[in-house]
Structure formats: C-alpha cells, structure tokens
Amino acid sequence: MKKLIAGIALFGTFAIASAQTITFDKTTFDYGTIKPSADGTRFFTVTNTGDKPLVISNVKPSCGCTTPEFSTDPVMPGKSAKIKVGYNTTINGPFNKMIEVFSNDPANSRSVIYIKGNVDANAPEVAATPAKVETAADAKAAKKAAKAAKKVAAAK
C-alpha cells in the first residue's frame, strides 16, 4: 500500500513538473499620465516556460473600457505571445483595471494582470520619436566607446 501511495505521489510530481507554465514580462502596465484620446494600446508578453504547449483560453477585462485581444493558438515551450490591451482614453481621471487571463497552466489557470494610469487634459505632450533599431555593430561601438571613456576617466 505504501508503494502504491508513493508511486501516485511520484507520478503527480512528474505531472506537475512537466507541464505548460505561463509567465508574464510584467503583471502591471503603468500608462503614467496621458492626454485624453491618446493611444491606449499596450502589450503584455506571455512566455511558456514549461515543456508542453500553453493555450490561453480566455482574457476577461474587469469593465467595458478595457478591450483585450489574444490568440488561442498554442504557445510552444520557450516561445512567447502577446496580449494586446486597449484602454478607452476618452474617460478622464485615474484608472486601475484588472484583466484575467485563463490558460491551461495547471498551477495558474487564472492569472491576473493590471493596467493603471491617469487621463488628464493637462498631461505633457509626448514627443513621438521613432524607435531606433540597434544593430550588433552599434552595440559593439557603444561598448567600445564606454570602455575608452572609462580608461580616460581612470587615467585622470
């Protein structure tokens, strides 16, 4: 009887250890203070850190002012997917919204992520700057320049 119980416990341990696991890059996205009608779209990155396919079955916002978009395609082990969350920025004032993410992760079948911020007409303008794509050569040059500057500072 003891061997049977030990075998069941051992099998349960392996079943939990070898499963899909949901991990988020962040669980709260802070918009800061933004102007009314500003872009309310943000992305959460979900990574499957387990060894079986992860399926996001549903994403439910806490109210109608928040609109999530997600794919039900399986996220393979070691791969990532995005959950797109939109907030209605025509609503003035502070906000703190909960979004429930349901998946086939046996340990976290319901995960919670949050968005928060403040919509204020007096918010400073955000300058739209294009994102710079850094190449390996740029990174190497920056590292070399930092090293040279450190040498010069040490010599003084």
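Which residue in β8 is the bridge partner of Thr28? The partner is Tyr114. The structure is a predicted model, in which local features need pLDDT of at least 70 and side-chain atom pairs count only at pLDDT 80 or more, while totals for chains, interfaces and linings use all residues. Residues are numbered from 1 along each chain as its sequence is written, and side-chain values use heavy atoms, with hydrogens and water left out.

The bridge between Thr28 and Tyr114 belongs to the pairing of β2 with strand β8 (residues 110–119), which is parallel and runs over five bridges. Strands here are DSSP runs of E with at least two residues, numbered from the N terminus, and two of them pair if DSSP finds at least two bridges between them. Strands of a sheet pair through backbone hydrogen bonds, either parallel or antiparallel.

The sheet is open and has four strands in the order β2-β8-β7-β4, with mixed pairing. At its edges are β2 (28–34) and β4 (56–61), each of which pairs on one side only. On average, neighbouring strands of this sheet are turned by 15° against each other, direction ignored; the axes are lines fitted to C-alpha atoms, and angles run from 0 to 180 degrees between N-to-C directions.

Strand β7 (residues 93–103) contains Pro94. Pro94 has a relative accessible area of 72% and is therefore exposed (buried means under 20%, exposed over 50%, partly exposed in between, with a 1.4 Å probe and protein chains only). Leaving aside residues up to four places away in sequence, Pro94 touches Gly117 and Asn118, where contact means heavy atoms within 4.5 Å. The C-alpha atom of Pro94 is also separated by 8.5 Å from that of Thr33, a residue 61 places away along the chain.

Side chains of opposite charge can pair when their charged atoms come close. The structure holds two salt bridges, each defined as a side-chain nitrogen of Lys or Arg within 4 Å of a carboxyl oxygen of Asp or Glu. In one of them, Arg110 meets Glu100, with the closest N and O atoms 2.5 Å apart. This pair links distant parts of the chain, since Arg110 lies in strand β8 and Glu100 in strand β7, 10 residues apart. Glu100 is buried because its relative accessibility is 17%, whereas Arg110, at 42%, is partly exposed.

A salt bridge also joins the side chains of Lys26 and Asp25, at 3.5 Å from N to O. Lys26 counts as partly exposed at 31% relative accessibility, and Asp25 is likewise partly exposed, at 44%.
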